[in-house]
Amino acid sequence: MPDHILIVEDDQTLRLTLGQFLTRRGFAVELAADAAAALAAVRRGRFQLVLLDLRLPDSDGLELIGRLHQLDDGCLVVIMTAYPEVRTAIAALKAGAYDYINKPFDLDDLLELIGRAVDAQHMRHELEWRRAQSSAQDDAEWIGDSAAFREMVDVVSRIAAAGRVPVLIHGESGTGKERVAHTVHARSTRAEGPWIAINCAALPETLLEAEMFGYEKGAFTDARQAKRGLLELADGGTLFLDEIGDLALALQPKLLRALETQTFRRLGGSRELQVDVRIVAATHRDLPAMVAAGQFREDLYYRLNVGAIDVPSLRERRDDVLPLARYFLRQMAPTLGVAPLTLTPEVASFLTAYPWPGNIRELRNVMERAAILSRDGAIRPEHLPREMSGAGQPGMAQAAESPLLLADAERFHIQRVLAACEGNKTRAAELLGITRATLRNKLGDQRGNEDYERS
């Protein structure tokens, strides 16, 4: 859905020119020639941004800002003025304007200002949504009473209060690392600031650099206007870098400099930008091994690892499996329109004995599938995936409890799932609740078994 912009300008030529320009740029635009038309438009619908002329035939622009905010306190107002005086700018900002621009202005400069305003609006909505979600319910990742879980919660609380100290969260896929990262933010003095997240493995190196640091107009072929990067957007808050182990070596020194100096340059820029950002990173990779292999910078690793948080796997917190499973079932029953769901004793023993290579994410998927299949509210063994049937056998239970045999039990289970999927790794990863990359890591270089190499 395009962003909605209201242009309030009594000069017809400028009003139509701006409307056509922004419409071609993908915005939904409405035009108003005076204050009365502007107020009527805001009563009819919501706008992300109002471009407001300072002098209107029926009102003063500064006075109109307050009336607009009475109707919609969420819209941002940018003042357009032909009176480039400092006191005018200060008066506009005091009246509640987001920013101002002096006439005559370059359309690309206006577009950059609109981009900043829209980014700020989206960020605000995202922050409000996350706060509402956090207050509406306890997330599953924070259910548990095992010793490993309690130890992690204590570490999170202490590190969250440690100001701008960088944080490195390590844990297997599906353990809830992003939720841990967000809790560090929410329990810190930065909770009122922005929370910005990006997955370092999801973007190619050049695009990731542009997203993280931003770029100036003309920095590359398609850079038709300047863009703020995530470091700027996270100013005053937290930037979460998921899968930091996949960050390209070429970008690592730039991130290290931003960490140490809280300054950086946009791509194609020469000006140093200052920010106040806390970096929280997460990975399932063995970073010390990557450092030894020359795949990750040692200085960046030690700088990030100042605030280290290890998220335990689900097999390390077996006492939490059943509370988590029951939590998921309570969540799903109203959504699916079924009666309250319960676990039979046999299923409970299967769940606690199973090694859970996909951790909490896999448990959630298994419970959702079982809830759909159950017709009378009871979760029975036949509602579990076939590949879990061995979890209730004594041998498998012993393997799950034994540190020496756990890896073998996990590998055995993964291979059974792969066999059931006829070697399709993508489908197997979905069933296990892990990423395809994690599946490859867990399988290692088992080149001899080519049946499992098809995708």
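This is a predicted model: local features need pLDDT of at least 70, side-chain atom pairs count only at pLDDT 80 or more; totals for chains, interfaces and linings use all residues.
**Entry 1: β12 and β15**

I started with strand β12, residues 238-242, and found it joined to strand β15, residues 278-283, by four bridges. The two strands run parallel.

**Entry 2: the whole sheet**

Next I wanted to know in what order the strands of the sheet lie. I read β9-β12-β15-β8-β16, five strands in an open sheet with parallel pairing. At the edges I noted β9 (195-199) and β16 (307-310), each pairing on one side only. From one strand to the next, I get an average twist of 15°.

**Entry 3: a helix on the sheet**

Which strands does helix α6 touch? I traced α6 through residues 147-160 and saw that it packs on the sheet, touching β8 (167-170), β15 and β16. Its direction makes about 160° with that of β16.

**Entry 4: α6 against α7**

Then I checked α6 against helix α7, residues 177-186. Their axes come within 8 Å and cross at roughly 40°. At that angle, which falls between the 35 and 65 degree limits, α6 is therefore oblique to α7. I also wrote down the handedness: α6 passes α7 in a right-handed crossing.

Last, I listed who meets whom. From α6 I have Met-152, Val-156 and Ala-160, and they meet Val-180, Thr-183 and Val-184 of α7. How many of the residues in this contact are nonpolar, polar or charged? I count five nonpolar, one polar and no charged.

Terms used:
Residues are numbered from 1 along each chain as its sequence is written. Side-chain values use heavy atoms; hydrogens and water are left out. Two strands pair if DSSP finds at least two bridges between them. Axes are lines fitted to C-alpha atoms, for helices over the stretch in contact, and angles run from 0 to 180 degrees between N-to-C directions. Contact means heavy atoms within 4.5 Å. Angles under 35 degrees count as roughly parallel, over 145 as roughly antiparallel, 65 to 115 as roughly perpendicular and the rest as oblique. A crossing is left-handed if the near helix is turned anticlockwise from the far one by less than a right angle, and right-handed if clockwise. Ala, Val, Leu, Ile, Met, Phe, Trp, Tyr, Cys and Pro count as nonpolar, Asp, Glu, Lys and Arg as charged, and the others, Gly among them, as polar.
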